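Thanks for making time this morning.

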Amino acid sequence: MTPADLSRAVLSAVRSAVDGGELAVAVPERVVVERPGPGGAGEWASNVALRLAREAGRPPREVAEVLRSRLVAAPGVAGVEVTGPGFLNVTLAGDSVGALVDRIAAEGEAYGSGDALREAAPVAVPDGSELRARIVAEAAGRLVRAQGGSVRGGGAAPVPAGAGRDEAVLGADGLRWALLHPAPHDLPHGAEVLEQRARNPLFRVRYAYARSRGLVAGGAALGIVPGAGPVSGEAARVLTGLLGEQPAVLVAAARKGAPDRLARQLVTLADAFFDFHDSCDVLPRGGEKPGAAHRARLALAEAAGTVLAGGLSLLGISAPDHL
């Protein structure tokens with residue numbers, strides 16, 4: 001079960017409680033699940049009970065208990081605990097890491113695409129002849145269409161090849177990143193996008209992908225086939241959480257016509273990949289024999305590379321296997 005799946009399960013619990021007459025509230029359009037904060041429990045948490053309490057005219061913990069009794073029966077949920085003033089803390093059933101890795105392997109770079117915007121109104125994207133507007137409109141349109149939606153505006157997109165002096169200096173990929181990564185109110189990046197060093201976010205994202213491919217190739221040379229399974233450690237937990245959140249990130253970026261949100265998420269994901277990579281031996285060292293732990297770590301690293309490549313593709317940026 002991914003965070004998006006869990007979000008839908010929590011929303012279903014709210015709808016069920018309303019239909020059953022236990023809660024008198026308007027069912028929200030969406031519910032956010034996040035990692036538990038201090039004092040929390042389980043793998044994921046939601047503050048939906050606190051959000052609904054005033055409208056329901058009941059204490060938040062009471063609302064949370066109503067939802068807990070329904071959510072705990074959802075497929076893929078092992079347990080639900082109410083903590084603090086009324087947070088729902090969820091523990092998933094089975095090997096959630098393995099299930100996520102298997103899903104990413106099956107869907108490939110299309111992981112996170114869907115039909116979330118199929119029934120939504122067209123998403124507004126920049127409309128104009130200025131280069132930044134055209135590149136943002138092009139990437140935003142790609143995001144929206146990946147969620148089954150349509151756009152309005154962006155009359156000057158797509159962007160023709162050879163987009164002037166800036167592309168001659170930065171290259172097509174560098175130019176797109178320079179214009180897409182900053183928030184709309186920030187100035188575009190400059191020549192720093194060409195730096196082959198850690199302070200360059202584009203380099204970190206592409207190097208994380210290339211490193212994941214290198215690990216898979218190294219594993220193949222040792223006869224290690226990636227195999228989904230449990231992976232321990234805080235760094236692995238953070239990386240898995242970000243991979244699971246990717247579908248929701250893509251939907252949110254598409255709804256807002258905001259490719260910069262995706263670009264910044266890819267940087268966060270790349271940094272989490274390196275933290276995971278540095279926290280454990282993905283491949284055996286010395287005379288160590290390959291085991292299930294290595295196969296599971298390699299599968300998680302491969303999944304991270306797949307998601308990074310898919311995100312870059314949506315931005316119109318290539319993901320080279322070697323840098």
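I will begin with the overall fold and then turn to the ring pairs.

This is a predicted model, in which local features need pLDDT of at least 70 and side-chain atom pairs count only at pLDDT 80 or more, while totals for chains, interfaces and linings use all residues. Residues are numbered from 1 along each chain as its sequence is written, and side-chain values use heavy atoms, with hydrogens and water left out.

The protein chain has 10 helices and 5 strands, these being DSSP runs numbered from the N terminus (helices H or I, at least four residues; strands E, at least two). Of its 323 residues, 47% count as buried, where buried means under 20% relative accessible area, exposed over 50% and partly exposed in between, with a 1.4 Å probe and protein chains only.

Turning to the rings, the structure holds 3 aromatic pairs; rings of Phe, Tyr and Trp (its six-membered ring) pair if their centres lie within 6.5 Å, and planes under 30 degrees apart count as stacked, over 60 as edge-to-face and the rest as tilted. Tyr207 and Phe274 have ring centres 5.7 Å apart and planes at 25°, so they are stacked. This pair links distant parts of the chain, since Tyr207 lies in helix α7 (residues 201-221) and Phe274 in helix α9 (residues 259-279), 67 residues apart. Tyr207 is partly exposed at 36% relative accessible area, whereas Phe274 is buried at 18%. Phe273 and Phe274, with centres 5.5 Å apart and planes at 65°, are edge-to-face. Finally, Phe203, Tyr207, Phe273 and Phe274 form one aromatic cluster.
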